[in-house]
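Here is a quick tour for someone meeting this protein for the first time. Take a look at the model, then read on for the overall picture and a few spots worth a visit.

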Amino acid sequence: MGFRSNFAEDSDVSCATQNTSEQQRLRLEEEARQLEQELIEVEIQEKKDRIARARARLAQSRSDEAAVTTPAPVPARTPSDMDPGLAQTIMELRQQQAEAARQQEELRRQQDDFCQQQEQARREQEQARRQQELERQQQLEEQERRRHEEEHQRKETVAKLTAEVQRLQALAAAPSVVAPTASVPASEDMRRIARQTAALEEANRRTEQSLMRPSSHHITSTCADSAHDAELRSITRQTESMRRDAAAQEHSLASTMSHQKSLSSRRPSEAAVTARYNRSQQLMDQATKGMDILIMMDCTGSMAWAIASCKRQIKAVLEKVQSDYPEAVIRVAFIGYKDHGDSNERILLHKFVDKQDISSVEQFVGKIRANGGADGPEDIAGALQTALDLLKDRVQGFRAQTRMIIHFADAPCHGSQYHSMHDDYPGGDPHGLNPEKMLHELASKNVDYYFLEVQSRDTTKMTDIFKGCYPSGGNASCGFHVLPTGASPDSFMPAMLRSITMSASRAISYFSQTSSRRPSLTGHECDCEGEDAAYYDS
């Protein structure tokens with residue numbers, strides 16, 4: 001028992017000693033950390049003090065320099081004479097200044113390079129502008145030349161039509177021709193033939209008298225006889241020839257007089273000739289009395305020039321047409337179209353108005369903004385459907401005999417068969433509209449279609465297909481025409497005038513060929529019956 005108690009006491013003492021050693025170690029470590037922290041704080045405070053003293057000395061130095069008018073030269077101090085912290089700070093400032101100077105020099109060089117590049121770009125732009133001006137001037141000269149040629153052709157056409165009308169007026173005003181008699185020829189040709197016949201007969205008579213008269217000279221030699229015989233044979237041959245010519249002239253005169261008598265017996269009255277002339281005038285009036293002109297235009301971003309030209313020149317175009325066709329009643333409508341993504345402005349419609357109200361069309365076009373159009377093709381099918389709707393509108397739709405659509409565009413319709421560009425709707429119009437079917441319907445309603453081609457590389461495939469929807473040939477009542485114009489504001493007016501003139505000429509030709517059965521003296525059709533019909537059949 002005593003041994004065990006002693007061992008226990010020794011164990012307790014050992015444990016207490018170990019605990020005390022551990023506590024002392026922990027306390028020493030804590031004191032070491034505190035001392036280390038205090039040392040760091042002392043060092044930091046010393047550095048702050050040195051920096052403060054350096055700043056104070058620097059401020060004092062600056063104030064001394066400012067106070068002294070002629071400061072005494074300050075002896076150069078080496079880094080060893082300065083405070084180490086101040087020397088380090090000064091070195092860092094100098095390095096930063098050197099770096100700043102280097103960066104400033106680099107920035108200056110970059111600015112010089114940029115200025116040189118700008119100058120080079122300005123020179124290139126100026127050269128490109130001059131080249132564009134030159135090309136534009138050449139285009140304007142070419143367009144002016146074409147315009148003069150077209151104007152000359154138009155004047156020739158007008159002159160021909162005027163001459164034809166004057167001829168018809170003269171024919172209507174001419175009195176009926178009296179039947180010819182044997183003594184008084186009915187025409188200048190007959191009188192000329194009669195005079196020639198009388199001259200031939202007189203020449204024959206004189207020749208025969210000269211042959212029958214005896215010669216007063218004696219023939220003394222054989223050579224003289226031979227020469228005389230040759231002369232007689234020559235005169236005889238000439239006489240026979242003149243007699244044959246005279247007989248042919250008499251036969252021709254008799255035939256002409258007989259035919260003239262036959263015509264005189266069947267010639268229509270003056271009233272019939274006047275009626276046929278009035279009919280031809282009615283045909284021309286019918287063809288040009290009313291003109292419905294529908295302008296259809298792509299209004300996406302690339303066609304801003306066409307919209308501006310339409311607003312600026314449409315009034316001058318209509319005044320020119322009115323001067324060429326004074327009796328015509330001209331009506332105008334406008335359809336602008338974009339693409340399916342432009343839901344609010346996909347179709348822009350101004351229905352037909354008379355020429356006196358053209359200012360409303362100008363204002364309507366002036367409000368259009370050229371924008372929209374996501375992919376390459378545009379909504380031409382929607383514009384064609386709107387044009388068909390105008391055929392059904394009896395108040396502000398198509399009404400005149402001469403109808404035309406003048407279409408300005410630089411992009412095709414939707415459908416991969418019409419082009420080779422990217423198309424969001426390669427299967428065609430998303431609403432199921434068929435452009436070819438609609439063109440067939442326009443052709444059946446005698447609507448001339450003029451496609452004014454701005455960029456042929458994008459629309460040629462489409463226009464080749466569209467042409468097949470219209471009848472071909474000179475006798476067709478309407479047609480599909482492609483007129484290259486290019487993207488020039490000066491091409492709007494000549495293209496419009498050419499399209500309208502072509503439609504008017506086609507209408508005059510068509511109405512004159514299809515109004516009745518038989519051609520008249522004027523080249524138009526006539527409704528002759530009975531004796532008048534027999535006269536023209538002859």
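Of the chain's 538 residues, 31% count as buried, where buried means under 20% relative accessible area, exposed means over 50%, and partly exposed is in between (1.4 Å probe, protein chains only). What you're looking at is a predicted model, so to speak of a local feature takes a pLDDT of at least 70, side-chain atom pairs count only at pLDDT 80 or more, and totals for chains, interfaces and linings use all residues. Residues are numbered from 1 along each chain as its sequence is written, and side-chain values use heavy atoms, with hydrogens and water left out.

The chain holds twelve helices and eight strands; these are DSSP runs (helices: H or I, at least four residues; strands: E, at least two), numbered from the N terminus. Take the contacts (heavy atoms within 4.5 Å) between residues at least 6 apart in sequence: 78% of them join residues at least 24 apart.

How confident is the predictor? The average pLDDT of the chain is 75, and 66% of the residues score at least 70; pLDDT is the predictor's confidence in each residue, from 0 to 100. Over residues 175–186 the pLDDT is below 50, and this stretch has eleven contacts in the model beyond near neighbours in sequence. Residues 214–222 are also below 50, with one contact beyond near neighbours in sequence.

Helix α2 (84–173) is one of the elements giving two or more residues to the lining, and its 13 residues make up the largest share.

| Residue | Relative accessible area |
|---|---|
| E22 | 37% |
| K338 | 0% |
| N446 | 32% |
| M502 | 27% |

E22 is in helix α1 (residues 2–67), and its side chain joins that of R25 in a polar contact of 2.3 Å. A polar contact is a pair of N or O atoms within 3.5 Å; within protein, one must be able to donate a hydrogen and the other to accept it, and residues adjacent in sequence count only if both atoms are side-chain atoms.

A polar atom of its side chain lies 2.9 Å from the backbone oxygen of R369. Leaving aside neighbours within four places in sequence, its contacts include C299, E345 and D379.

N446 has a phi near 60°, a positive value in a residue other than glycine. Finally, M502 in helix α11 is in contact with Y450 and H481, leaving aside neighbours within four places in sequence.
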